[in-house]
Amino acid sequence: MSIAKTLFGLTADGREVFRYTIKNKRGASVSVLNLGGIIQSLMVPAADGTLTDVVLGYDGVADYERHTCYFGALIGRFGNRIGGSRFTLNGKEYALFANDQNGNHLHGGKEGFDKKLWAVEEGGDSLTLRYLSVDGEEGYPGNLSVTVTYRFSDDNELSIDYQAACDADTVLNLTNHAYFNLSGAGSGSVEDQELMLCAESYTAIDQYGLTVEQVVPVEKTPFDFREMKPIGRDIAADDEQLRFGLGYDHNFVLNPRQTMKRAAAARSAKTGILMEALTTQPGVQLYTGNVIPPHAGKDGRQYDARHGFCLETQHFPNSMACASFASPVLKKGEGYHEITAYCFKTI
């Protein structure tokens, strides 16, 4: 196992962005930037042994600063949407930046964790990233200390360990926004790739993509991924929820919370790559890249709508406004700890 550190580029205001690459004994590797904790590359073997990059991203800092897809980035303080860009905690209302349609708050606001430079510590097979989000940043209360550890094993497992603590009550929902394409980044649509989700239900959204307090069984709907099926099989079905999301952009309710549980599996017949996702989180957002604009990504390869899919493990979106959902409140002095792992094999 080895870690290599190289200068990736400079931000628009002249700060250095470094790329850290963990390579295992099989030659597979993951590359992470100190900018946004971005997973910039994830090279895993295909069935024929060819190393294949399975995450969308860019070759330069300027592209990450210019585009708004959140490719591979750490998301915080709150992943997904908060309705009306406000929430009430301990009787006090907190106003957040409205950076999404209909005045909603998305992925931490104007300058979320995806745009921050994180401090990085190298371990034998891991990178530990640290960031202090000060009281009032993006409207959130409390000084929040966040630690995220990326670990990559010789068995081609990428784990992401999230830990945090705050000096005041706050709300928190950390995730990673990697876009996967198991046929290779820039290879085209993911609609023919197969997906399974360990979910009996999902949470509905409104016409603006905001999660509402309605849990819907997946049975006999286009949202039934309990058995492997092509991502695109039902994506164009006559379904209001699919119209609202322009495809899949929904939180799936994972089977009863355990210390660590299987959340999803996906595979590509073209490469023979199988990915399994495990998590301690109660939900996973399936996003099928519905609004990725046509543009060039890594190696000049063309990206477009549905050229990647996300499995964002999370607490439920808009959960401060939905009393029946598990609370995302992190109490003063208490610890936040969630783990997600993406395991790669071949079929």
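Modeller: Helices (H or I, at least four residues) and strands (E, at least two) are DSSP runs, numbered from the N terminus. The model is predicted, so local features need pLDDT of at least 70, side-chain atom pairs count only at pLDDT 80 or more, and totals for chains, interfaces and linings use all residues. Residues are numbered from 1 along each chain as its sequence is written, and side-chain values use heavy atoms, without hydrogens and water.

Biologist: How many helices and strands does the chain have?

Modeller: Two helices and 29 strands. The chain is as compact as a globular protein of 347 residues, because its radius of gyration is 19 Å, close to the 20 Å from the globule rule. That radius is taken over C-alpha atoms, and the rule is 2.2 Å times the number of residues to the power 0.38.

Biologist: What share of the residues is buried?

Modeller: 59% of the 347 residues. Buried means under 20% relative accessible area, exposed over 50%, partly exposed in between (1.4 Å probe, protein chains only).

Biologist: Now the cysteine. Where is cysteine 69?

Modeller: In the loop between helix 1 (61-66) and strand 6 (74-75).

Biologist: Is cysteine 69 buried or exposed?

Modeller: Cysteine 69 counts as buried because its relative accessibility is 10%.

Biologist: Which residues does cysteine 69 touch?

Modeller: Leaving out residues up to four places away in sequence, cysteine 69 touches His177, Tyr179, Ile292 and Pro293. Contact means heavy atoms within 4.5 Å.

Biologist: And how are cysteine 69 and tyrosine 179 separated?

Modeller: By 110 residues along the chain, with 9.3 Å between their C-alpha atoms.
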